[in-house]
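Open the model in your viewer and keep the selection panel at hand.

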Amino acid sequence: MRSKVTVFLNFIFALFCSGYSQTLNRGSIPVKVPLQCTGLSYIPRSVWRARPEKPTIINLRIPIPHVFIHHTSSETCYDVESCSSTIRKIQMDHQQTKHDIGYHFLIGGDGQIYEGRVWHYRGFIVDNYNTKSISIAFIGDYTDDIPSENMIAATRNLLRCLSEKNYIKQEFEVHGHRDAESTFCPGDKLYQQIQTWPEYRLID
Ligand SMILES: [Zn+2]
């Protein structure tokens with residue numbers, strides 16, 4: 001038999017959840033929602049020692065239809081220490097003009113997923129798509145280098161999780177940054193790779 005306390009706690013929980021989904025849908029006050037899926041782990045901001053976000057943060061509307069793939073045009077990194085240092089530099093650079101690092105996730109040469117900006121916060125990296133996309137950046141330069149299999153596997157796993165949670169649309173589309181803007185990003189070799197993915201689409 002359920003006690004009155006349990007019923008009350010369930011009520012509070014339901015209240016919290018409904019408020020939370022409204023918050024995400026309204027695209028207003030940010031409430032950080034961690035990404036949690038079975039079989040997915042990532043390095044959180046606290047581990048790479050992110051600086052706090054500056055105002056003003058806006059939520060993306062869920063589910064998100066587009067995913068953009070980037071490269072950082074920097075050195076590759078192969079462990080948490082060096083990847084963290086690279087990501088801190090990118091954040092510092094982006095925070096000179098924006099409130100936080102532009103990428104929602106970064107993929108290290110170590111095959112680890114690093115949390116960038118909180119996954120449901122609006123970015124500023126792809127003109128015309130910032131309100132409807134998530135950005136994932138491969139750390140390194142993939143003009144001539146081929147991204148490693150563990151980097152690809154990590155990204156595929158991340159996409160599976162985002163789609164499983166309905167955070168991105170079931171029929172989400174993957175693009176390279178160059179599909180939307182005049183840029184070499186994400187590098188020829190990484191661009192060739194993502195074009196083989198079933199979700200890859202050219203932008204109309
Ligand atoms: Zn890019």
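**Start at F105**

Select F105 and show its surroundings: apart from neighbours within four places in sequence, F105 is in contact with I113, Y114, E115, G116, I136 and L158. Bear in mind that this is a predicted model.

**The core**

Next, select F105, L106, I107, Y114 and I136. Among the 39 residues in the largest nonpolar core, these five touch the most other members. Two or more residues of this core come from each of strand 1, helix 3 (80–94), strand 2, strand 3, strand 4, helix 4 (149–164), strand 5 and helix 5 (188–194). Helix 4 contributes the most, with five residues. In soluble globular proteins, nonpolar side chains tend to be buried together.

Five of them form an open sheet in the order 3-2-4-1-5, with mixed pairing. Strand 3 (113–115) and strand 5 (168–176) are at the edges with a single partner strand each, so one side of each has no neighbour in the sheet. On average, neighbouring strands of this sheet are turned by 25° against each other, direction ignored.

Now select strand 2 (residues 105–107), which is joined to strand 4 by three bridges and runs parallel to it. Strand 2 is also joined to strand 3 by three bridges, here in the antiparallel sense.

**Strand 4**

Move to residues 133–138. Is strand 4 mostly covered or mostly open? It is mostly covered, with six of its six residues buried. On one side are S133, S135 and A137, on the other I134, I136 and F138, and all of them are buried. Strand 4 pairs with strand 1 (residues 64–71) in the parallel sense over six bridges. For one of these contacts, select H70, whose bridge partner in strand 4 is A137.

**Helix 3**

Finally, select helix 3. Its 15 residues reach 21 Å from the first C-alpha to the last, close to the 21 Å expected at 1.5 Å a residue. Which residues of helix 3 are buried? They are C83, T86, I87 and Q91. Look down the axis of helix 3: the buried residues fall within an arc of 140°, so they line one face of the helix. Helix 2 (45–48), strand 2 and strand 3 are among the elements that cover them. Turn the view to the face away from the buried side, where helix 3 carries the exposed residues E81, K89, M92 and D93.

Key. Residues are numbered from 1 along each chain as its sequence is written. This is a predicted model: local features need pLDDT of at least 70, side-chain atom pairs count only at pLDDT 80 or more; totals for chains, interfaces and linings use all residues. A residue is buried if 20 or more other C-beta atoms lie within 10 Å of its own, exposed if 12 or fewer, and partly exposed in between; C-beta atoms are placed from the backbone. Helices (H or I, at least four residues) and strands (E, at least two) are DSSP runs, numbered from the N terminus. Two strands pair if DSSP finds at least two bridges between them. Axes are lines fitted to C-alpha atoms, for helices over the stretch in contact, and angles run from 0 to 180 degrees between N-to-C directions. A nonpolar core is a set of buried Ala, Val, Leu, Ile, Met, Phe, Trp, Tyr and Cys residues joined through C-beta atoms within 7 Å. Two residues are in contact if their C-beta atoms, placed from the backbone, lie within 7 Å. The expected span of a helix is 1.5 Å times one less than its number of residues. The arc is that of the directions from the helix axis to the C-beta atoms.
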